[in-house]
Amino acid sequence: MYGALGGPRLLLRRLREVMAEPVSPQARLDKIVVHIAANMVAEVCSVYILRADGRLELYATEGLNRDAVHRTTMRASEGLIGLIAETAEPLALADAQTHPAFSYRPETGEEIYSSFLGVPILRGGNTLGVLDIQNRARRVYTDEEIEALQTTAMLLAEMIASGELHSLAVEPGADIALGRPRSLKGMALADGVGLGHVVLHEPRIVVKQLIAEDVKQELERLDKAIAEMRDGLDALIERGALEPGEHRDVLETFRMVAHDRGWLRRLREAVASGLTAEAAVERVQSDARARLQRHPEPSMRERLHDLDDLANRLLHQLTGQSYVAAHEELPANAIVVARAMGPAALLEYDRSKLRGLVLEDVGGGSHVAIVARALGVAAVGDVANILDFVEPGDPIIVDGLSGDVHVRPPPDVEHAYAEKARLRAKRLEQYHKLRDVPSVTRDGVEIELHMNAGLLVDMRHLDETGARSVGLFRTELQFMLASRFPKTGEQEQLYRAALDISGGRTITFRTLDIGSDKVLPYMTQVEEENPALGWRAIRIGLDRPGLLRTQLRGLLRAGSGRELRVMFPMIASLEEFEAAKAILARELVQLERHGRAPPADLKVGVMLEVPSLLFEIEHLCEAADFVSVGSNDLLQYFYAVDRDNKRVASRFDPLSLPFLRALKRVADAARASSTPLTLCGEIGGRPLEALALLAIGYRSLSMSAASIGPVKAMAIATDLRLARSFVQNKLDDRSSGHDLREALTQFAEDHGVPV
């Protein structure tokens, strides 16, 4: 019926003209509903907006009682309007009053109208409101009319998203839902507080032209972009030239969806209805998001990410815009928000402008977290649906300690975090003043504090923190950032540069620790039931000695003429350690055979992560030049707890007495054999846990650069004789409970030890 008056194309043009008029927001909205009613040959057209309190409010109407505007409200599940908002599906009825969801509102005067057509106002799959038309006569609305009203709703979504209607809220707490403050919870990845503005790692395409001038041409543009996107995915998969953090199985899923006939049919139908190719992609994806977000099956909701990524790729293909943010255009205080990100991508951002990172999926987040810590950037991961709640430029706060993320924070929250950031900066300045203060306890015991690293950017922190050395250099990060396996020369270059920067301080290089959650994008991923207990680290090195030999060759060449420390990870038996040392010995012979000088002092150690070594610790200490305890993995293997499984990861405390007894057994054996011992897990960088470690005999800890100041402050305030006696009594007393945390916290408070 609407076609007699010009169809959706003419309506959209008229609405665009109204949007440009210099009138008040309410006057603009009033004009819009008049134009829609006239074009759709409807006696009523109304717009309901979803408020922050979850209620739908009548914002404008043509045909109903105008006095009901801003007075009529309903729950998001109440009446026909609430049903549409809840289901995010269009609803067309010839006799609305017979529908079980119909809710009569006498103040609107709608009792004289029979037929009803309503559509959700969607943006990114989220319901912003409802647009409806009504007629007195009973009639069946056509698919064409439903399409037209849905297209019109897209324009209203733009208007709501612009923030123009916020001034129309008449009641306290009745703000529009879109744009309201949100507090979200995630997983803390890197300590720090970041206040800034949202920058999307994969910028959204803003579709400005909704209506096609030439439908045939738009169909051709769509088909061409789909074909080019498919070809690009095929080339990436076939060549294996994957971006860092982008794995083959992900791209295979993209390729499968890109050939999905249902998805392609819906895109073409949307273009055939009169939309541009870009508007069709946005419309189809918004509808898909609305459906899948509400789907009861988790597997279907997970598919949403694949569809989002594919739609985003297609929009970038259509517009020719870059798929990642233009780093040179970063605001001064950028908080990067992404679904997932590889560590290489984070390194591309301007550190002087980057203040924080928020990830929807943790995925490779542990690797990104390492880079974020190295850069000193607050990071939070596992923030559900964060991309649904932010717009580019939104104010945002990231708390990398608590895992809290505040989007569009109210003034009181912003003020509180600004004060928190100021106090943090003051504490950091106090820690910096401790840089040259000897790390010696009150009773004269020297504590060695070392730094963990993995990138050259980490190495600058050696001087900043006064760390004694690099106690753990994660060599796998170079492999994870590369698009192919680094050659011997490339590895040698990195190790040599690190040794040069260290200024004579030792670096303990851990050989390649891949497998489990650390998957190289250019290596075929081995499917395992339990990858954390599977083919990883030294097991790969011993089974594929060519990989290990290449790395050891690079290390030996870089360490020529100087002190070199090499450590093998994930050793489960003395035999494995001896086998790894034998490969190193052969490479050393080859080095000298080719006329190269060997390291002046070569030390070979083992990373103790597997509990089996606890039962041959004395023999291990005799065979190794040094031992480093990898407490992160040791704890999860000790208690059979997957540290990446949120259901059980927090169930066992590293300050549990059984675990401390196991750690003490290692410390006692190392001391008895005079074997240098260091602990380089996360607990070594937490003051309270570090206090317990000092009390059971550890005198060397390696940690992130940011942790050195707090741990040193704890150490120099501690009387170790008192701490040792207190903890030993707890270990000896079998009736003292399972956990030391509460008692040790009280001990620290009583003795003025900052933890």
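The model is a predicted one, in which local features need pLDDT of at least 70, side-chain atom pairs count only at pLDDT 80 or more, and totals for chains, interfaces and linings use all residues. Residues are numbered from 1 along each chain as its sequence is written, and side-chain values use heavy atoms, with hydrogens and water left out.

**View 1. Strand β15 and its partners.**
β15 and β22 pair in the parallel sense over four bridges; two strands pair if DSSP finds at least two bridges between them. Helices (H or I, at least four residues) and strands (E, at least two) are DSSP runs, numbered from the N terminus. Opposite glutamate 448 stands serine 700 in β22. Strand β16 (residues 470–474) also pairs with β15 in the parallel sense, over three bridges, and here methionine 451 stands opposite valine 470. Strand β15 (residues 448–453) is largely enclosed by the rest of the structure, because five of its six residues are buried. Buried means under 20% relative accessible area, exposed over 50%, and partly exposed in between (1.4 Å probe, protein chains only).

**View 2. An open sheet of eight strands.**
The pairing in this sheet is mixed, and the strand order is β7-β14-β13-β9-β10-β11-β12-β8. At the edges lie β7 (182–185) and β8 (187–190), each of which pairs on one side only. On average, neighbouring strands of the sheet are turned by 30 degrees against each other, direction ignored. Strand β9 (residues 193–200) and strand β13 (residues 395–399) run antiparallel and are joined by five bridges. Glycine 196 has isoleucine 396 in β13 as its bridge partner. Helix α13 (residues 411–433) packs on the sheet and touches β9, β13 and β14 (404–407). The direction of α13 makes about 120 degrees with that of β9. Contact means heavy atoms within 4.5 Å.

**View 3. Helices α7 and α8.**
Helix α7 (residues 261–272) packs against helix α8 (residues 277–293) at an angle of about 130 degrees, with the axes 8 Å apart. Axes are lines fitted to C-alpha atoms, for helices over the stretch in contact, and angles run from 0 to 180 degrees between N-to-C directions. The angle makes α7 oblique to α8; angles under 35 degrees count as roughly parallel, over 145 as roughly antiparallel, 65 to 115 as roughly perpendicular and the rest as oblique. From α7, the contact includes Trp263 and Arg266, and from α8 it includes Ala277 and Arg291.

**View 4. Helices α21 and α22.**
Helix α21 (residues 631–639) and helix α22 (residues 657–673) pack at about 125 degrees, their axes 11 Å apart. This makes α21 oblique to α22. Among the residues making the contact are Leu634 and Phe638 of α21, together with Phe659 and Leu663 of α22.

**View 5. Glutamate 689 in helix α23.**
Helix α23 (residues 687–695) contains glutamate 689. This residue is buried, with a relative accessible area of 6%. Neighbours within four places in sequence aside, glutamate 689 is in contact with Pro654, Leu655, Ile683 and Arg741.

**View 6. The chain as a whole.**
The protein chain has 26 helices and 22 strands. Of its 755 residues, 52% count as buried.
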